[in-house]
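Good morning, colleagues. Please look at the chain on the screen while I describe how its parts pack together.

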Amino acid sequence: MTVLVTGAAGFIGAYVARALAARGERVLGLDNLNDYYAPALKRDRARALGAGADFELVAGDICDGALLERIWREHAPTRVVHLAAQAGVRYSIQAPRAYVHSNLVGFVEILEACRHGGVEHLVCASTSSLYGQNPQQPFREDARCDKPLSLYAATKGANELMAHSYAHLYRLPVTALRFFTVYGPWGRPDMAPLLFARAILEGRPIQVFNHGQMKRDFTHVSDIVAGVLGALDHAPAATGATPYQVYNLGRGEPVDLMRFIELIEIAAGRPALREYREMQSGDMLETFADVSAARAAFGYAPSTSIEAGVPPLVEWCRQYRGHLRGEAGVEWCTSRPSGAPRSSTRHAAHSPLTTHRTDDHRTETVRRRSRAQRARQRDLLAARDRSGADAAEHRMGGAVRRRLQS
Ligand SMILES: NC(=O)c1ccc[n+]([C@@H]2O[C@H](COP(=O)([O-])OP(=O)(O)OC[C@H]3O[C@@H](n4cnc5c(N)ncnc54)[C@H](O)[C@@H]3O)[C@@H](O)[C@H]2O)c1
């Protein structure tokens, strides 16, 4: 029985695919590897976290109904974890059509494929952004979510409504998961944790919006993965009431943005150069998840504090920063003025992944690197790291040095 994971080269998708494979599931990944941010990062991530030698990553678009039909014909997935989407609150102001493409058109294609493919359970990603300026904290799933502050949130709200209608009409069991600011190694380069970590490591200024007066319920990716698998294993019953559920997946602990920055400074061994800015349109002041429903339904118990979660993120960033810039010669984030991010199969020709064609669709088999290759890369990174750490020690600002010494 195959589990289809869409967005499997994405941040959360790659971890979910690996966790599913680790417990013995047959996993098929689908991702169009678009260039909203560096496709090289997506490829490296899929390879590094790759679900193993058998893990197949189909490079294709969820809007391609013929491709989905083909996937069901050849692999007959019985469960779907749908994570592919155009993410990001701020980019939805810049490029609204990208959200219509992946989050609306693509979502209907996934629903149709699940309906006709007899899927037993569809788990799909939603977002804390749905809660908007809701003053009731912590956010509970039954709170009103009909005043989105961004098109991104509006498309995710629409997804929940569309999913409910399919659950009602076709008895398709659906679980929507509202994720709260997910962070960790191999994270998204457009999100604050990685933007801050990179800039601080490189001695560049960071932009701190609303003068730092914000709180986020930062959630480590390992907790999110545990939540996704827990939810997947607890499909709403297809008999009786509409088989549809929504759960918050957060840590349940809002953190001051400045505290998060401080932890990055300590892990990086350098002070942040802060540029204070006004609140950005579309942003929320505070997010705080009530996770009691997920706890009651499938034992969700987030366990990674930011004190434990931030240092490995910074360490990964330190290592990967050199790797991506040095070896692939590309930037992490592509800033595209408008429209949908391009799908980037053009990168496939230069990719170290093996590729082969099945009729008109390109399929990639992600293989783990050989042990020798991995060891060689580790040595290179460790050497580069050592010299970088020495230099950083010299440049380190007084405040952080004092904190580190205390
Ligand atoms: N990371 C967070 O903090 C967070 C918070 C709330 C919700 N979410 C949601 O969780 C899901 C995963 O987020 P992520 O952080 O891993 O994002 P991500 O951008 O790293 O992953 C999404 C993946 O989907 C792929 N994709 C996008 N459009 C596609 C299409 N039309 N066809 C095929 N593939 C496509 C992208 O190439 C990307 O690899 C998304 O639905 C996102 O909206 C994430």
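Helices (H or I, at least four residues) and strands (E, at least two) are DSSP runs, numbered from the N terminus. By that convention the chain has 13 helices and 15 strands. This is a predicted model: local features need pLDDT of at least 70, side-chain atom pairs count only at pLDDT 80 or more, and totals for chains, interfaces and linings use all residues. Residues are numbered from 1 along each chain as its sequence is written.

A residue is buried if 20 or more other C-beta atoms, placed from the backbone, lie within 10 Å of its own. Of the 406 residues in the chain, 47% are buried.

Let me turn to the core. A nonpolar core is a set of buried Ala, Val, Leu, Ile, Met, Phe, Trp, Tyr and Cys residues joined through C-beta atoms within 7 Å. The largest one has 105 residues, and the members touching the most others are Val5, Val16, Ala197 and Ile264. Helix α1 gives the most to this core, with 8 residues.

Which helix axis comes within 10 Å of that of α1? Helix α8 (residues 221–232) does, and its axis crosses that of α1 (residues 11–22) at roughly 60°. Axes here are lines fitted to C-alpha atoms over the stretch in contact, with angles from 0 to 180 degrees between N-to-C directions. On the α1 side, the contact (C-beta atoms, placed from the backbone, within 7 Å) is made by Ile12, Tyr15, Val16, Ala19 and Leu20. Helix α8 contributes Val221, Ile224, Val225, Val228 and Leu229.

Key
Two residues are in contact if their C-beta atoms, placed from the backbone, lie within 7 Å. A residue is buried if 20 or more other C-beta atoms lie within 10 Å of its own, exposed if 12 or fewer, and partly exposed in between; C-beta atoms are placed from the backbone.
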